[in-house]
Amino acid sequence: MKQFVTREHEIEPLPGLPGVPPAGEVILWQGRPSSALIARHLLKVRWIVGYFLVLATWAVAAGLSDGHPAGGILFSVAVLTALAGVLIGMIELFAWAVEKTTLYTITTERVVIRFGVAISMTLNLPFRQIDGVSLARIGDKAGLIAIALLPEQRISWLIQWPHVRGFRFAKPEPSLVYLPEADKAASVLSAAIGQYRGARAEQPRIIVQETAGRAVPPSVVAAE
């Protein structure tokens with residue numbers, strides 16, 4: 001899959017694309033992941049806040065039970081609060097960086113994923129290499145779109161993270177993750193692939209998988 005990954009595109013002729021599109025190729029949609037959704041669902045910031053609240057409560061209860069002075073108890077809580085603040089700040093900063101350095105593009109010919117907090121890279125996914133797509137919702141509008149590739153096409157799960165379907169290490173599936181309006185992107189992608197493959201009688205299917213307020217890896221159904 002090396003032919004799909006580009007690193008040298010510091011100067012983009014068009015935002016999100018490593019080169020000028022060929023004649024006839026049109027950009028249909030562009031979008032970014034939401035930093036709030038990344039922090040909440042991918043990095044589990046709420047669980048971390050809850051964990052430190054439990055630790056602080058335990059420190060207060062244990063201090064009172066052991067007869068420690070109020071100053072010592074407050075100091076323990078302050079240390080835990082400071083640690084929580086540093087960790088949560090790092091999580092929020094990383095989520096913000098992922099949002100700012102990522103740009104998803106759907107054209108009439110391909111899907112392009114520009115990503116990379118430390119090293120910027122671009123993943124080109126021509127429609128002819130896509131076996132199927134699926135959508136997993138988070139709430140009403142947000143969600144993730146996973147892209148199943150043909151068997152001979154491979155990508156690196158580690159390099160592609162977090163823009164990849166979770167826990168699919170053997171056959172990683174690049175994904176448009178934590179989109180605030182995933183339905184719109186899924187409709188555009190479905191229509192674009194359908195039009196591209198219409199002459200070949202290959203109709204892709206998108207399976208909408210409802211979730212209970214949290215991200216669940218989407219099930220991919222291969223295009224017929």
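Does Leu 17 count as buried or exposed, and at what relative accessibility? At 0% relative accessibility, Leu 17 counts as buried. Buried here means under 20% relative accessible area, exposed means over 50%, and partly exposed lies in between (1.4 Å probe, protein chains only). The model is a predicted one, in which local features need pLDDT of at least 70, side-chain atom pairs count only at pLDDT 80 or more, and totals for chains, interfaces and linings use all residues. Residues are numbered from 1 along each chain as its sequence is written, and side-chain values use heavy atoms, with hydrogens and water left out.

The secondary structure comprises five helices and nine strands. Helices (H or I, at least four residues) and strands (E, at least two) are DSSP runs, numbered from the N terminus. Along the sequence the pattern reads β-β-α-α-α-β-β-β-β-β-α-β-α-β. Of the 224 residues, 43% are buried. The protein exposes about 11,900 Å², and carbon and sulfur atoms supply 63% of that area. Accessible areas come from the Shrake-Rupley method with a 1.4 Å probe; for residues, only the protein chains shown count as cover. Among contacts (heavy atoms within 4.5 Å) with a separation of 6 or more, 66% are between residues 24 or more positions apart.

Leu 17 sits in the loop between β1 (5-6) and β2 (27-31). Its C-alpha lies 7.8 Å from that of Thr 105, across 88 residues of sequence.

In soluble globular proteins, nonpolar side chains tend to be buried together. The largest nonpolar core has 42 residues. Such a core is a set of buried Ala, Val, Leu, Ile, Met, Phe, Trp, Tyr and Cys residues joined through side-chain atoms within 4.5 Å. Trp 29, Val 111, Ile 113, Ile 145, Leu 176, Leu 179 and Leu 189 have the most contacts inside it. Helix α5 (residues 182-197) supplies the largest share of this core, seven residues. Ala 186 belongs to helix α5. Ala 186 is buried, with a relative accessible area of 5%. Ala 186 and Gly 143 are 43 residues apart in sequence, and their C-alpha atoms are 9.5 Å apart in space.

The second largest pocket has a volume of about 160 Å³. On a 1 Å grid over the protein atoms alone, a pocket is an open set of points where a 1.4 Å probe fits, with protein on both sides within 12 Å along at least five of seven lines; lining residues have an atom within 4 Å of a point. Grid points are joined across faces, edges and corners, and the volume is the space filled by probe spheres set on the points. Of the 14 lining residues, Phe 115, Gly 116, Val 117, Ile 159 and Trp 161 are the closest to the pocket centre. Helix α3 (residues 70-101) gives the most to the lining, with three residues. The lining divides into 10 nonpolar, four polar and no charged residues. Ala, Val, Leu, Ile, Met, Phe, Trp, Tyr, Cys and Pro count as nonpolar, Asp, Glu, Lys and Arg as charged, and the others, Gly among them, as polar.

Most residues other than glycine have a negative phi, and most peptide bonds are trans. A cis peptide bond joins Trp 161 and Pro 162, with omega about 5°. Pro 162 lies in the loop between α4 (157-160) and β8 (175-179). Phe 167 is also found in the loop between α4 and β8. Phe 167 is not a glycine, yet has a positive phi of about 60°. At 68% relative accessibility, Phe 167 counts as exposed. Tyr 178, in strand β8, has a positive phi of about 50°. Tyr 178 is buried, with a relative accessible area of 6%.
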